[in-house]
Amino acid sequence: MATTTGTLITVAPTGAELSKGDFPQLPTTLDELVETAVACEAAGASMIHLHIRDGEHRPTLDHGHLKAAVDALREQTSLVVQLSTGGSVHDPLEQRLTVLDAEPDSCSLTCGTTNFGDDVFLNPYGFMSDLYVQAQEREVVPEFELFDLGHVAALARLIDAHGLPFGGKVHVDFVTGVPGGMPGTPAALLAGVAMLPAEVTSWAATGIGRTHLPIAAAALAAGGHLRVGMEDNVVFSRGVQVQHNRELVERVAHLAEVMQRPPMSTQDARTMLGVKDRRTA
Ligand code: KMH
Ligand code: ZN
């Protein structure tokens with residue numbers, strides 16, 4: 001893996017789990033998403049991980065909604081635009097594959113089924129494999145989401161079976177602290193990092209809920225990159241709710257500066273991830 005200098009900060013502003021009724025500050029409309037993205041880019045983010053909501057603020061994989069969001073963010077920011085193919089636990093696998101039709105720069109690709117609270121987040125090998133190959137064909141760079149140590153082995157299997165992703169880079173994101181997945185502890189994170197296949201060129205981590213900050217600190221210390229956002233954590237500090245995703249980006253951008261690993265520019269992020277530049281297309 002290349003020596004790490006700057007820090008890639010990804011913001012995951014919305015997710016599929018929280019309701020607008022419970023969290024009115026959650027960005028769910030296109031205008032709110034664009035405002036959030038612009039503010040988070042200014043605060044140090046260089047990639048956005050997107051889940052889209054419909055007119056009633058419910059998670060949707062509707063092509064029109066996804067395409068409108070990709071186009072608007074591409075026009076109004078220079079962030080790397082990543083669409084979630086995980087969707088919500090209720091989305092059918094077939095529909096999750098159609099996310100690529102919106103031509104994002106990047107897509108998430110979760111490397112295995114995991115318990116997800118009281119639900120199951122389904123990612124059978126056949127689905128992962130189809131998504132991997134279709135992303136190669138569509139020239140979309142996958143970010144491999146690793147919720148558990150077994151997912152690291154599944155990633156190695158995908159690479160062995162299909163070769164490198166489009167762009168030749170392999171970027172992974174440890175999603176820790178999901179009830180049912182690997183715990184959000186430095187020890188679990190470092191065990192995952194130690195298992196990464198040689199093809200991996202960069203890694204990031206996020207911690208759900210109260211594991212958000214310790215995982216960010218551990219990832220920075222160990223040479224990793226960061227994901228933050230209301231998808232993963234809505235508590236800024238004890239008794240204080242996050243009011244805007246920018247707050248979470250600002251905090252880790254400061255941490256990264258202190259650690260001499262300042263936030264990476266969007267151009268450096270594009271190079272590191274190997275994404276195709278679709279901005280002038
Ligand atoms: N919403 C979760 C069930 C991803 O975006 O790829 C899945 C998820 C992972 O958030
Ligand atoms: Zn997600």
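**A residue, and the barrel beyond**

Guide: Asp268 has a relative accessibility of 44% and therefore counts as partly exposed; that class lies between buried (under 20% relative accessible area) and exposed (over 50%), computed with a 1.4 Å probe on protein chains only. This is a predicted model, in which local features need pLDDT of at least 70 and side-chain atom pairs count only at pLDDT 80 or more, while totals for chains, interfaces and linings use all residues. Residues are numbered from 1 along each chain as its sequence is written, chains are lettered from A and ligands numbered from 1 in the order in which they are written, and side-chain values use heavy atoms, with hydrogens and water left out.

Asp268 belongs to helix 9 (residues 266-273). Helices (H or I, at least four residues) and strands (E, at least two) are DSSP runs, numbered from the N terminus. Between Asp268 and Leu164 there are 104 residues in sequence and 20 Å in space, C-alpha to C-alpha.

We now turn to the barrel. Eight strands form a closed barrel with parallel pairing, in the order 1-2-5-6-9-10-11-12. Neighbouring strands in this sheet are turned by 30° against each other on average, direction ignored; such angles are taken between axes, which are lines fitted to C-alpha atoms (for helices over the stretch in contact), and run from 0 to 180 degrees between N-to-C directions. Two strands pair if DSSP finds at least two bridges between them. Strand 1 (residues 9-11) runs parallel to strand 12 (residues 225-228), and three bridges join the two. Across this pairing, Thr10 faces Arg227 of strand 12. Helix 8 (residues 245-258) packs on the sheet, where it touches strand 1 and strand 12, and its direction makes about 170° with that of strand 1.

In the segment before strand 1 we find Thr7. Thr7 has a relative accessible area of 0%, so it is buried. Thr7 lies 219 residues from Leu226 in sequence, yet the C-alpha atoms of the two are 7.2 Å apart in space. Contact means heavy atoms within 4.5 Å. Leaving out residues up to four places away in sequence, Thr7 touches Leu220, His225, Leu226, Ala256, Arg261, Pro262, Pro263 and Met264.

Leu220 brings us to helix 7, whose buried residues are His212, Ile215, Ala216, Ala218, Ala219 and Leu220. Helix 7 (residues 212-221) lies across strand 10 (171-176), strand 11 (202-207) and strand 12, and runs at about 160° to strand 11. The buried residues of helix 7 pack against strand 10, helix 6 (186-195), strand 11, strand 12 and helix 8. After helix 7 comes Gly223, with a positive phi near 90°.

The side chains of His171 and Ser202 are joined by a polar contact of 2.7 Å. A polar contact is a pair of N or O atoms within 3.5 Å; within protein, one atom must be able to donate a hydrogen and the other to accept it, and residues adjacent in sequence count only if both atoms are side-chain atoms. Beyond its neighbours within four places in sequence, the residues in contact with His171 include Leu8, Trp203, Met272 and Leu273.

Next comes the ligand. Among the residues that surround ligand 1 are Glu17, His49, Gly87, Ser108, Phe116 and Glu231; a residue is near a molecule if one of its heavy atoms lies within 4 Å of it. His49 places a polar side-chain atom 3.0 Å from an oxygen atom of ligand 1. In Ser108, an N or O atom of the side chain is 2.7 Å from an oxygen atom of ligand 1. Gly87 contributes a polar backbone atom, 2.8 Å from a nitrogen atom of ligand 1.

Finally, consider two loop residues. Most residues other than glycine have a negative phi. His57, which is not a glycine, has a positive phi of about 70°. His57 sits in the loop between strand 3 and strand 4, and is partly exposed because its relative accessible area is 27%. Glu103 also has a positive phi, near 55°. Glu103 is found in the loop between helix 3 (93-97) and strand 6 (106-110), and its relative accessibility of 42% means that it counts as partly exposed.
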